[in-house]
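Me: Please walk me through this structure in short questions and answers. Begin with the terms, then go to the values.

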Amino acid sequence: MILAKIAVLIVTGYLLLSSCWLLLLSLASWFYRPKLERNAFPLRLLVIIPAHNEEQQIAATIHSTRKCDYPQELVDIAVIADNCTDGTAKAAVNCEAWVHVRNDTRLRGKGAALDWFLRENREQLEDYGGIVFIDADSCPDRNMLRALSQSLAHPEVEAVQGFNGVANPYDNWRTALNSAAFNVFNHLRMAGNDRLFGNTILKGLGMAFSPQLLINSGWPANSEVEDVEFTIKLLEGGREVRYNTEAIITSEMAISRKQADGQRRRWEGGRFALAKKMVPKLGRQVLSGKLRYLYLLADLLIAPLSFLILLTLITALAAWLFMPQAMAALLIVMSIIIVYVASAQVQRKAEAKLWLYLFTFPLFLIWKLAIYFSMLLFPRKRIWSR
C-alpha cells in the first residue's frame, strides 16, 4: 500500500510538472510573432532535396517547389540521390535539377548524405543567400520560399524552421490525428519556445540556413532524428533556430497499418535513443546555470502526448484505489492537456472535421501502445527507408 502511494505521488508529480510546462508553452504561443523582414529583397536560394529511392515522388516535389510564389531565377534545386537502387537520379535530371549521386554503403542515412553534399560543394554555397532543405516526398506551400527568405533576411536569424503539416489529413483516423498532433508539436510548441526562449527545434524539412553557418559546420548529425541532434549542436555553438509559422510544407502520412507502424517506430525509436543519450548532458548544462538548454531538456523529458494521456489515466485508476487525494491534481493535468491540444487546433484554424476526428483518439492510443510494445520486443535496425 505504501509503495503504491509513493508511486502515485511520484508519477503525479511528473505529470503536474510536464503539464504545467505545456500550459506555459500554450500561453506563450498566443503571443508569438515570427521574426522576419517583409520588405526585404528576395534572397537567392538553393533548395536541397535528399532522396533515397524516391523515383515515384521526386518529380512532383521538384514541380511543386518551382510553383512557389518566388522569382524562379533566384531558385536552384539540388537533389542528393543517396544509395538509390531505382531511377531517382534520372527522374530528377529529367526535371532539370542539379543532381548529385552518392554511393556509400558504409555511411548511410539522411544526415550522412547532407554532410557529404555540404562539404563537397562549399564553394558553390557561397553564391546563395539561403539554403533550404525539404524532403523528397513533401509539398511546399506557395508562400514557403518567400517566408523563409524573409526570415533569413532578418539580421538576427541564421536558421529558421517552418511549419510541417499533413497533406492527407482525412484519409483515415490515423492521418487525421497525425494532423492534429502536428498542429501541437510542429506549431504550438515551436511558437511557445520561440516566444519564451528565442529558440526552437529543427524538424528535418521546411527549414533554411544562412550559407556561412553550413559552410562552417556541415551537417554534424547522423542519428535517425538528425534534425534534433543538429539543433543541439547549434545550441552548443550559441546559434538560434527561429520559427516561421508562415513557411508551410506538407507531407503525406502513411495510410496502411504496416506503413504507419514503420513510420511511427522510426520516429519514436529515434527520439527515445536521442533522449537517452542527451538528457544527462543537457541536464548537467541546465544545472550549471546554462538555462538556454532548458527548452530542449524539457522537450526530451516530456513524454509523447499519447503516452502522457495513457499515464494520466493509469495513475488516476491507481489513485482512486490507493490515494484519492491525488485525483484533483490528475484532473488538473487532464484539463491542461485539453487546453494544450485545443489551443493548437484553434491557432492553426483546424476545420470542424478535424475536431470531430479527435474523438477517435482511443483508437490512436491503442495503436501507439501496441507500437511501444513491439519496439520493446523487436528492436528495429537503423536504416534509411522511405
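Reply: Buried means under 20% relative accessible area, exposed means over 50%, and partly exposed lies in between (1.4 Å probe, protein chains only). Helices (H or I, at least four residues) and strands (E, at least two) are DSSP runs, numbered from the N terminus. This is a predicted model, where local features need pLDDT of at least 70, side-chain atom pairs count only at pLDDT 80 or more, and totals for chains, interfaces and linings use all residues. Residues are numbered from 1 along each chain as its sequence is written, and side-chain values use heavy atoms, with hydrogens and water left out.

Me: Is helix α4 largely enclosed or largely open?
Reply: Helix α4 covers residues 110-120. Among its buried residues are G111, A112, L114 and F117. Eight of the eleven residues are buried, so the rest of the structure leaves α4 largely enclosed.

Me: Which residue forms a salt bridge with K110?
Reply: A salt bridge is a side-chain nitrogen of Lys or Arg within 4 Å of a carboxyl oxygen of Asp or Glu. For K110, the closest N and O atoms of the pair are 2.8 Å apart. The partner is D135.

Me: How many residues apart in sequence are the parts that K110 and D135 tie together?
Reply: K110 forms its salt bridge with D135. K110 lies in helix α4, while D135 is in the loop between β4 (130-133) and β5 (138-140), so the pair ties together parts that are 25 residues apart in sequence.

Me: Does K110 count as buried or exposed?
Reply: K110 belongs to the buried residues of α4. Its relative accessibility is 15%, so K110 counts as buried.

Me: Which residues are joined with R102 into one network?
Reply: E240 and R242 meet in a salt bridge at 3.6 Å, N to O. Elsewhere, salt bridges that share partners build one network around R102. In the R102 and D104 bridge, the closest N and O atoms are 3.8 Å apart. The residues joined with R102 are D82 and D104.

Me: What is the relative accessible area of R102?
Reply: D104, its salt-bridge partner, is partly exposed at 21%. R102 is buried, with a relative accessible area of 4%.

Me: Which residues does L22 contact, leaving aside neighbours within four places in sequence?
Reply: L22 lies in helix α1 (residues 2-29). L22 is buried, with a relative accessible area of 1%. Contact means heavy atoms within 4.5 Å. The contacts are R189, I302, L308 and Y340.

Me: Which residues make the nonpolar surface patch of about 590 Å²?
Reply: Patches are made of residues with over 30% relative accessible area and no salt bridge; like charges are joined within 9 Å, nonpolar side chains (Val, Leu, Ile, Met, Phe, Trp, Tyr) within 5 Å. Accessible areas come from the Shrake-Rupley method with a 1.4 Å probe, and for residues only the protein chains shown count as cover. The patch is M1, L317, W320, L321 and F322.

Me: What is the radius of gyration of the protein?
Reply: The protein has 15 helices and eight strands. The radius is taken over C-alpha atoms, and the globule rule is 2.2 Å times the number of residues to the power 0.38. For 386 residues the rule gives 21 Å, and the protein is close to that, so it is as compact as a globular protein of that length: its radius of gyration is 21 Å.
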